[in-house]
Structures are given as structure tokens and as C-alpha cells.
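Please open the model in your viewer and keep the sequence panel beside it, and then follow the stops below in order.

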Amino acid sequence: MKIVFASSHEISQHEWIEPLAQALPGAEVVLWRPDLPAQDADVAVVWTPPDALFQRERRLRAVFNLGAGVDALFRLPSLPPDMPVVRLEDAGMAVQMAEYAVWAVVRASRQFDAYVAQQGAGQWQPLPELDRAQWPVGVLGTGVMGTRVAQTLAALDYPVAGWSRSGKVPAGVEGFAGADQLPAFLARTRVLVNTLPLTPETRDIMRRDTLRQLLPGAYLVNMGRGDHLVEEDLLALLDTGHISGATLDVFRQEPLPQEHPFWRHPRVTVTPHVAALSLRRQTIAQVADKIGRFMRGEPLTGVVERDRGY
Ligand code: NDP
Ligand code: OXD
């Protein structure tokens, strides 16, 4: 079996290629480069690869994505429509997403930024206590990531609801399903936490008319994809005060351009797409297991449903 490894990021032979080969005895693992002859590989392991991969590697039987989101792959015109695409499931990312959401929600609801400002001014001024009932959290997408986020915030006694296609939510979380129930979900939500995958149906889901349905003084946490959020609409609603602040990890253009107003906005926190980092050991173990199952014709999870887009 021959595996090509294709990534837009720098790939170290020592950190990725060799451990993957060790985890799959008998497999040949090579780094794919557009300037080398086609490798005639059986499978590709990828993170945001170039379209040229699928133009050149004509014998691929499946592609294994080194992340949970497959939107970048689906943008490639040469990805064959019937090629199985297998995504990463959790692999140590869900707990990080939960940490990120807790960081943002707790900072906003406990007014910790105000205490940081007070320290700067040498002020000792306790602020009113937190009333969690005033901070209902709504999690968009209750899949692998959203479930862990919702469970973690519910364990901190925030009132938590989740929205998904099916309405499936963990215990202790109120469930809302589909487009029909989106208005009711938004109307009870003050902190909106996005963990949706990017698909044609979810693109621009956070825009003026949906964000305006949130409770006044709403707070936004975006960990899904930049294209979920209409950035100008967020800026306009921050200006009116309807949205009190936002913590954003993903952007329509990454890296976020230097001139972008989010960088200097006093109520926007920017992080560089790090809500959950790939953990090398867990990622390699999971991908190797999935490739092994695929090659042996055994059932495997994480196969993306192409018509749903996730
Ligand atoms: P899953 O496929 O496990 O979950 C997706 C969830 O979104 C499901 O609950 C699904 O509903 C719901 N959903 C999808 N489409 C719709 C729709 N049209 N309407 C309502 N609900 C919908 O994905 P993961 O949780 O593993 O990952 C989610 C996303 O998180 C990734 O695609 C990626 O964009 C992002 N991510 C970001 C990271 C970062 O560092 N910023 C790191 C990792 C992931 P249902 O349950 O009914 O199917
Ligand atoms: C992912 C990501 O989708 O890191 O896994 O964004």
C-alpha cells in the first residue's frame, strides 16, 4: 500500500511521515510534492492540499483528512465526486474546544476583562455577582465538538441549549432541531457558540437577521469556520450594542489581514485558528487505524456524507 501525505503546512519527515509508516507496517508513506512525478498512491492523508493532488494522483481510493472540517477539500474542483473522504473525529480536539468556549464564556460572564482593566488603573472594585440565568448559552452544532462544549458549559451550571439538524443533545442540554427551530433557539440565547461544519446550508448562518434574534447584550464565540459569520454584520451589531463582544478563532480570510478592524476592536478577541490544535500522536494513531480498516474492507467511522457536506 502506498500513502501520500499532502499538506499546505510544513510536514516534518520525523514527526509525521515516519510515525505514520511505523503505525502501518508494510505501507510506504511519502511526502507528496507537486514538482515530483505522480506517486500512483492508494490513499492520501491531507490537510488543505492543493487541487493538483487530485489531478495527478489518479489511483487514489480514499482521502483521509487530518482535521474535523472537510470544507477546504470540498472546494477542490478535481476531488472526484465518488472518492470516500474520511475525517478526524475528536482525536483530542473536543476537550480543547470546550476549554476555549469556557475561557470565552467565563471571561464575558464574570467580567474578568473589566478586572484586567481595573488592575491597569490600580483599582480595587468588586463587580456584581454572576447570575447564570442571565447567561444562557446556545451551541450551534452538537456533533463531536459541540457535544463536549455543551456538556462542559452545562457542568458549570450555565443554561445550555444545542441546535443541530437532528436535535440530538447530551443530557442536561435543551435540544433544538433544524431551520424551523432556529428562531426559538436564538431567542433564548445570550452567548452563541459556533461549532458547525461549513456547508452550503451553514455558510453565513451568523448574519444580521439571525444575530439580531439573540438576547440583548449577546456575546459570540466562533470556533467553526470564518465563512459562518458575516463579519460586517457583527461589526454593525457591536456598534449598536446589541452584541457586547466576540471571541473569534476563525475568519473569512486566514491569516486575518493586518488592516482588518477585528485586530483593534476593543470588544473583539482574536486567536489564530487554535481553538483546537491537532495532537500529533492521537491524530496519527486514529488515521492509521482508519486507513488499516479501509484497506481491509472493515467498517470505519468518520466517513463524510458527501450530499450533507459533513
Ligand atoms: P460533526 O460532524 O461531529 O458535527 C457537526 C454538527 O453540526 C452536528 O451536530 C450536525 O447536526 C450539525 N449540523 C451540520 N449541518 C447542519 C445544518 N445545516 N443545520 C443544523 N445543524 C447542522 O463535526 P465536529 O463536531 O467534529 O466538527 C465541527 C466543526 O468544528 C468542523 O467542521 C470544523 O469546522 C470546526 N473545528 C474547528 C476547530 C478549530 O480549531 N477552530 C478544530 C476542530 C473543528 P446532526 O448532529 O443532526 O448531524
Ligand atoms: C479542524 C480544524 O477542522 O482544526 O480540525 O479546524
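Predicted model: local features only at pLDDT ≥ 70, side-chain atom pairs only at ≥ 80, totals over all residues.

Begin by selecting residues 103-275, which an unreviewed UniProt entry annotates as "domain: D-isomer specific 2-hydroxyacid dehydrogenase NAD-binding"; such annotations, given here in the numbering used for this model and with shortened feature names, may be inferred rather than shown by experiment.

Residues are numbered from 1 along each chain as its sequence is written, chains are lettered from A and ligands numbered from 1 in the order in which they are written, and side-chain values use heavy atoms, with hydrogens and water left out.

Next, select ligand 2 and show the residues around it: W47, G67, A68, G69, M93, R225 and H273, each with a heavy atom within 4 Å of the ligand. Look for polar contacts (N or O atoms within 3.5 Å): an oxygen atom of ligand 2 lies 2.7 Å from a polar backbone atom of A68, and a polar side-chain atom of H273 is 2.7 Å from an oxygen atom of the ligand.

Finally, turn to the open sheet of five strands, whose order is β2-β1-β3-β4-β5 with parallel pairing; two strands pair if DSSP finds at least two bridges between them. The edge strands, each pairing on one side only, are β2 (28-31) and β5 (85-86).

Notes: Polar contact = N/O pair within 3.5 Å; in protein donor to acceptor, adjacent residues only side chain to side chain. Helix = DSSP H or I, 4+ residues; strand = E, 2+ residues; numbered from the N terminus.
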